Amino acid sequence: AKQEGRGRLRFYEARMGVQVRERRRLEHDLRHAVERGQLRVVYQPQTRIDSGETVGFEALLRWHHPERGTVPPNLFIPISEETGSILGIGEWVLRETCREAASWEKPLRIAVNVSAVQLHAPGFSELVHEILFTTGLAPARLELEITETALIRDLPRALATLRRVKALGVRIAMDDFGTGYSSLSNLRAFPFDKIKIDASFTRAVDSSEQAATIVRTVLGLGRGLGLPVLAEGVETRGELAFLDAEACHEAQGYLFGRPAPIDTFRHLTTKAPRT
Ligand code: C2E
Ligand code: CA
Ligand code: CA
Ligand code: CA
């Protein structure tokens, strides 16, 4: 048994070694991903529930690695946050998406995810200002999605930065609401324009009374604070019917469209030709 235990330990150590090497490789490759043109942005429509019209898109990052194929953001973004390469990557995403949105015929919103590391880096609001100026995008069309976890690192600093960004006319959405800490006081203290309900709650509204109660409560909170609410991860008609009945403002999810290159949604960004 002792022998077996040692064997397992060696196996474990060997696997750890592989994982560490794997990670180092990814870290290394990530540093060059921008300059090698391996990053792409895909877009997912955000829809007004009462009218069914598309009001904007969320930008979601994809990394096309030459050997590994598409690496999911949940894997590479945490690594890029630890190594700091998220700063270059995040700047690229912001510039790319603002440039793209500025070219649309319809003045739809573009929602961009911002990591805690970007938010707390010096000069973030100046960077946003410069990118809006360079791309010519109207500030009110840009919405930055920020998670609660991104704020708590340094609340006063995050608040000061968000105030400066807001002063440019940019909108701020609280992302993944309900999954982080101390949501209520942050909602009150921070200059949010929107609450995004996390997909884990949306997904369960038609199967779990608990999830339905949580979503109703967030909608009530939004009403009380005068903030519109968007539900993420809407996949079924049943979920949408629930949200509609509860007067949720906006929805996003596979039911309306999977994240895809913007060309897939060209019909939504162009004005209908006059007939
Ligand atoms: P998120 O901000 O919560 O984005 C929503 C995620 O849900 C996306 O995953 C999207 O593809 C997925 N999704 C959308 N509709 C549905 C649906 O109906 N059902 C299901 N099951 N999933 C749906 P994705 O694209 O893999 O991104 C994962 C996370 O990576 C994002 O979560 C966000 O936190 C982060 N991320 C993505 N792009 C960026 C970026 O440019 N910068 C930063 N900092 N983070 C990003
Ligand atoms: Ca988001
Ligand atoms: Ca989410
Ligand atoms: Ca469901």
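1. In this predicted model, Leu39 has Trp63 of strand 2 as its bridge partner. That bridge belongs to the contact between strand 1 and strand 2, which pair in the antiparallel sense over nine bridges. The two strands form a hairpin with five residues between them, and Gly52 takes a positive phi near 80° there.

2. With strand 4 (residues 109-113) the pairing is parallel and spans four bridges; here Ala59 is the bridge partner of Val112 in strand 4. With strand 3 (residues 69-71) the pairing is antiparallel, over three bridges, and His65 stands opposite Gly69. Three residues separate strand 2 from strand 3 in this hairpin.

3. Which residues coordinate the calcium ion (ligand 2)? The donors come from Glu58 (OE), Asn113 (OD1), Glu145 (OE) and Asp175 (OD), at 2.2 to 2.4 Å. Along the chain, these donors follow the spacing E-x54-N-x31-E-x29-D. Glu145 in strand 5 (residues 142-147) and Asp175 in strand 6 (residues 171-177) are 30 residues apart, so the pair links distant parts of the chain.

4. Are Glu145 and Asp175 buried or exposed? Glu145 has a relative accessible area of 1% and Asp175 one of 5%. Both count as buried because the cut-off is under 20%.

5. The largest pocket holds about 1,200 Å³ of space. Its lining has 40 residues, and those nearest the centre are Glu58, Leu60, Asn74, Asn113 and Asp175. Glu58, Asn113 and Asp175 are also among the residues that coordinate the calcium ion (ligand 2). Elements that give two or more residues to this lining include strand 1 (39-48), strand 2 (54-65), helix 2 (73-83), helix 3 (86-102) and helix 6 (148-152). Strand 5 and strand 6 are also on that list. By class, the lining has 16 nonpolar, 13 polar and eleven charged residues.

6. The second largest pocket holds about 150 Å³. Strand 1 gives the largest share of its lining, five residues, and helix 3 also supplies at least two. Among the lining residues are Leu39, Tyr43, Trp92, Glu96, Pro261 and Asp263. This lining has seven nonpolar and four charged residues, and no polar ones.

Conventions: Residues are numbered from 1 along each chain as its sequence is written. Chains are lettered from A and ligands numbered from 1 in the order in which they are written. This is a predicted model: local features need pLDDT of at least 70, side-chain atom pairs count only at pLDDT 80 or more; totals for chains, interfaces and linings use all residues. Side-chain values use heavy atoms; hydrogens and water are left out. Donors are N, O and S atoms within 2.8 Å of the metal (3.2 Å for Na, K and Ca); water is not among the atoms, so sites may look incomplete. Buried means under 20% relative accessible area, exposed over 50%, partly exposed in between (1.4 Å probe, protein chains only). On a 1 Å grid over the protein atoms alone, a cavity is a set of points where a 1.4 Å probe fits but cannot get out, and a pocket is an open set with protein on both sides within 12 Å along at least five of seven lines; lining residues have an atom within 4 Å of a point. Grid points are joined across faces, edges and corners, and a volume is the space filled by probe spheres set on the points. Ala, Val, Leu, Ile, Met, Phe, Trp, Tyr, Cys and Pro count as nonpolar, Asp, Glu, Lys and Arg as charged, and the others, Gly among them, as polar. Two strands pair if DSSP finds at least two bridges between them.
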